[in-house]
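Visitor: I would like to learn how to read salt bridges and cavities in a model. Please show me the structure, then take me through it.

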Amino acid sequence: MTISERPPSQPVPHRALRVRRVRFAHPAGALRRHYADGDLIMSHTVAVLSATFPPGEDFFVRSVRHYRDRITDPELAAQVRGFIGQEVVHSREHDHLNKALRDLGYRTDWTHRFIEHALAVADRTLPPRVRLAFTAGLEHYTATIAEQLLTSRRAQAMLGDNQAGRILLWHALEESEHKAVAFDVYRAVGGSERLRIWSMRVISALLLLHVVLATTLSVLGDRATYTPFRLPRSLARIPRSPFLARDVIRRLRAYNRPGFHPDDFDNTALLERWRTELFGPEGTLVAHANYRDAPEPPSGD
């Protein structure tokens, strides 16, 4: 198969995408300043990503919803509804977390505004299919990192047993549940392999640049950075991060393979385990959950 050919159409498999209307409280003092296992850089990196999520997920919703009327497969149409509902709740809960992080001194408002402006420019200047291709690629990033968090006990320990860690575990579960939806919509509307792979290369460069620069600026604004040995110790931990493990890089790069599909990495057992662990009868997040359908954002592309 050449890189410009589109894989043959295949039925979309059933995926249960439950919209969990969770709510997390953020009382004063619930998070310590460097909440990610006391690590300076990791705490700022998570704050940057959390601030990026609300405008980013709103962009994902707009990109997928633009094509919703062209989806004829009832299974995929149901998954699109679940995808939109889950992303709406993610955006809301990260907004609440970002306010709590801002109260600790993290400039999540700066990151939010920058990403919101950048994506507004993308909405005005990029064709809808390119925006959808960007969405499918970014969903692969979030799902890959999410599944590493759900798999690695060391990754979970880095985030700690706190409200930020709980939110990220819930978010990771749902990103893993809907990881193929934007991708399947892209294929359903005729998206080419060439555009898909080209888009992934572009967003990989832009995402890396954003995270590195935004985290650097955030760290430089933290007084703890200038405490003797604090920054060097944190820098020394980066190469050993479970989120930079060889398997994570391999899975991210797999997206550039012609014929790739997110389901090439089976997460069935992982999802079942974490659905039970978080939302089963004795799940750790049951107290935060209300299973009524979440509302969709206002319509309009």
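Guide: This is a predicted model. Start with R237: at 31% relative accessibility, R237 is partly exposed. Its salt-bridge partner is D39, with the closest N and O atoms 3.3 Å apart. D39 counts as buried at 7% relative accessibility.

Visitor: Where in the chain do D39 and R237 lie?

Guide: D39 sits in the segment before α1, and R237 in helix α9 (residues 230-237). The two are 198 residues apart, so the bridge links distant parts of the chain.

Visitor: What lets side chains pair up like this?

Guide: Opposite charges can pair when the charged atoms come close. Take R20 and E174: their side chains meet in a salt bridge at 2.9 Å, N to O. R20 lies before α1 (40-65) and E174 in helix α6 (residues 163-177), so the pair ties together parts 154 residues apart in sequence.

Visitor: Are R20 and E174 buried or exposed?

Guide: R20 is buried at 4% relative accessibility. E174 is buried too, at 0%. R20 also forms a salt bridge with E177, again with 2.9 Å between the closest N and O atoms.

Visitor: Which residues form one network through shared partners?

Guide: R20, E174, E177, E272 and R275 do. The whole structure has 22 salt bridges.

Visitor: And how many cavities of 30 Å³ or more are there?

Guide: One. The volume of the largest cavity is about 50 Å³. Its lining includes H140, K179 and F265. Helix α4 (residues 128-151) gives the largest share, four residues. By class, the lining has three nonpolar, two polar and three charged residues.

Definitions and conventions: Residues are numbered from 1 along each chain as its sequence is written. This is a predicted model: local features need pLDDT of at least 70, side-chain atom pairs count only at pLDDT 80 or more; totals for chains, interfaces and linings use all residues. Side-chain values use heavy atoms; hydrogens and water are left out. On a 1 Å grid over the protein atoms alone, a cavity is a set of points where a 1.4 Å probe fits but cannot get out, and a pocket is an open set with protein on both sides within 12 Å along at least five of seven lines; lining residues have an atom within 4 Å of a point. Grid points are joined across faces, edges and corners, and a volume is the space filled by probe spheres set on the points. Ala, Val, Leu, Ile, Met, Phe, Trp, Tyr, Cys and Pro count as nonpolar, Asp, Glu, Lys and Arg as charged, and the others, Gly among them, as polar. A salt bridge is a side-chain nitrogen of Lys or Arg within 4 Å of a carboxyl oxygen of Asp or Glu. Buried means under 20% relative accessible area, exposed over 50%, partly exposed in between (1.4 Å probe, protein chains only).
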